[in-house]
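I opened the notebook to record a few look-ups in one structure. The entries follow in the order in which I made them.

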Amino acid sequence: MPATIDLTNPSARPARPHAPKVADGMPTLIGMSRDEMVEAMADAGVPERQRKMRVNQIWHWLYIRGVSDFADMHTISRDLREALAARYTIARPEIVEEQISNDGTRKWLMRFPPRGAGRPVEVETVYIPEEGRGTLCISSQVGCTLTCTFCHTGTQKLVRNLTAEEILSQLLIARDRLGDFPHKDTPQGAIVPAEGRKVTNIVMMGMGEPLYNFEEVKKALLIASDGDGLALSRRRITLSTSGVVPGIVRTGEEIGVMLAISLHAVRDDLRDELVPINKKYPLKELLEACRTYPGVSNARRITFEYVMLKGVNDSLSDAKELVRLLKGIPAKINLIPFNPWPGSAYECSDWETIETFADFVNANGYASPIRTPRGRDILAACGQLKSESERMRKTDRLALEAMMIAGHGAD
Ligand code: SAH
Ligand code: SF4
């Protein structure tokens, strides 16, 4: 059985370096750019000539040491810590639930306080450990405005965009829980070396369309890749989009991370149906944006995600057309076995069909790994994330488990 830990019960919280507290509605320093933080220092009464230096110190405490309480910032005077704590918070959001799959995949349900007049929102984040790396799958929105027909998130209306702080908090919480930050009593400088870290990669493939929340996603990813802080290489950060063409060039120019495209169909009529944003940005425009993606090269290929739907997009002629379409684009193809959810209208392609498709694409020079579904027992797979506001009923959950047992001998 997978383990579920109710983290709202304090006695269930294992000891960890920085116990999270519910953020209390104050403005937060997490997610601020360095320039914004300089202004926050001014606000807290720091003399102008010291502001940059203080920001560097705080940046180190927040993103290298992972502290979530001003009191732990030992290199900063008590007066300044108090002045900051009176105006700002650096507390973590609440973790409502942590689930650990039989295969080591972890899923956290986090609750973020309301913004303005809204209600608190809940967001899922998934960690997938693999040989030699660990990937964190981060959400950018609660729900999604788009309605891809095979995606569970697409059945949920957009509740709201996440802020840069909330996007970044998903990474900070994962690092807290996985022990990727040093214990607060470790001497200064004794940080977790990059090669020993659990979270080595991040993918913007959780809930939501990241390019419909561009500014906040950009802010969060620039902080995640800042060399004096969390220091994740931009080559280890992948942003997945359903094909918001104007956001693609901006992603390359302004964020510089790796790109993944949810392609899923090779003809406009079918893609209009599966990924309806195709009506606005059809295949020709989408592929042109990929061909000219800033920084694209054989060493920095674009990933094309392709969900395998039985009898819908999985024929050999689809595979041939795929190869033809991608000609001239440095690409790899990621075949995703469809993950069913209750009420979904599709079935996953047979294993032989997926292999035949993969073999053809491979033989034509494209790496085309088949993504192994992970964390199925905790519903952590792609396209299955859905927030607490519309949680699955127990009967649905049982029906889904039965579907998985019946339909997937392959993994
Ligand atoms: N909105 C972005 C990122 C989130 S979805 C996007 O669409 O790219 C991450 C990936 O999971 C996308 O490729 C998406 O199409 C795919 N996906 C969604 N539902 C799925 C399902 N039920 N089974 C398999 N993959 C799915
Ligand atoms: Fe939104 Fe991506 Fe799901 Fe489409 S696949 S509905 S864009 S989350």
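For the ligand entry I counted a residue as near a molecule if one of its heavy atoms lies within 4 Å of it. The model is a predicted one.

Entry, ligand 2. I listed the residues around ligand 2 and got Cys-144, Leu-146, Cys-148, Cys-151, Gly-154, Gly-208 and Ser-242. I then sorted this shell by class: 4 residues are nonpolar, 3 are polar and none is charged.

Entry, Thr-125. I located Thr-125 in strand β4, which spans residues 121-130. Is Thr-125 buried or exposed? Its relative accessibility is 0%, so I noted Thr-125 as buried. I looked for a polar partner and found the side chain of Gln-170, joined to that of Thr-125 by a polar contact of 2.8 Å. Leaving out residues up to four places away in sequence, I found that Thr-125 touches Arg-106, Lys-107, Trp-108, Met-110, Leu-136, Cys-137 and Gln-170.

Entry, nonpolar cores. I found 108 residues in the largest nonpolar core, and Leu-29, Phe-150, Ile-202 and Phe-304 have the most contacts inside it. Helix α4 (residues 164-178) gives the most to this core, with 8 residues.

I followed up Ile-202. Beyond four places in sequence, Ile-202 is in contact with residues including Leu-136, Ile-138, Leu-171, Leu-221 and Ile-237.

Key. Residues are numbered from 1 along each chain as its sequence is written. Chains are lettered from A and ligands numbered from 1 in the order in which they are written. This is a predicted model: local features need pLDDT of at least 70, side-chain atom pairs count only at pLDDT 80 or more; totals for chains, interfaces and linings use all residues. Side-chain values use heavy atoms; hydrogens and water are left out. Helices (H or I, at least four residues) and strands (E, at least two) are DSSP runs, numbered from the N terminus. Buried means under 20% relative accessible area, exposed over 50%, partly exposed in between (1.4 Å probe, protein chains only). A polar contact is a pair of N or O atoms within 3.5 Å; within protein, one must be able to donate a hydrogen and the other to accept it, and residues adjacent in sequence count only if both atoms are side-chain atoms. Contact means heavy atoms within 4.5 Å. A nonpolar core is a set of buried Ala, Val, Leu, Ile, Met, Phe, Trp, Tyr and Cys residues joined through side-chain atoms within 4.5 Å. Ala, Val, Leu, Ile, Met, Phe, Trp, Tyr, Cys and Pro count as nonpolar, Asp, Glu, Lys and Arg as charged, and the others, Gly among them, as polar.
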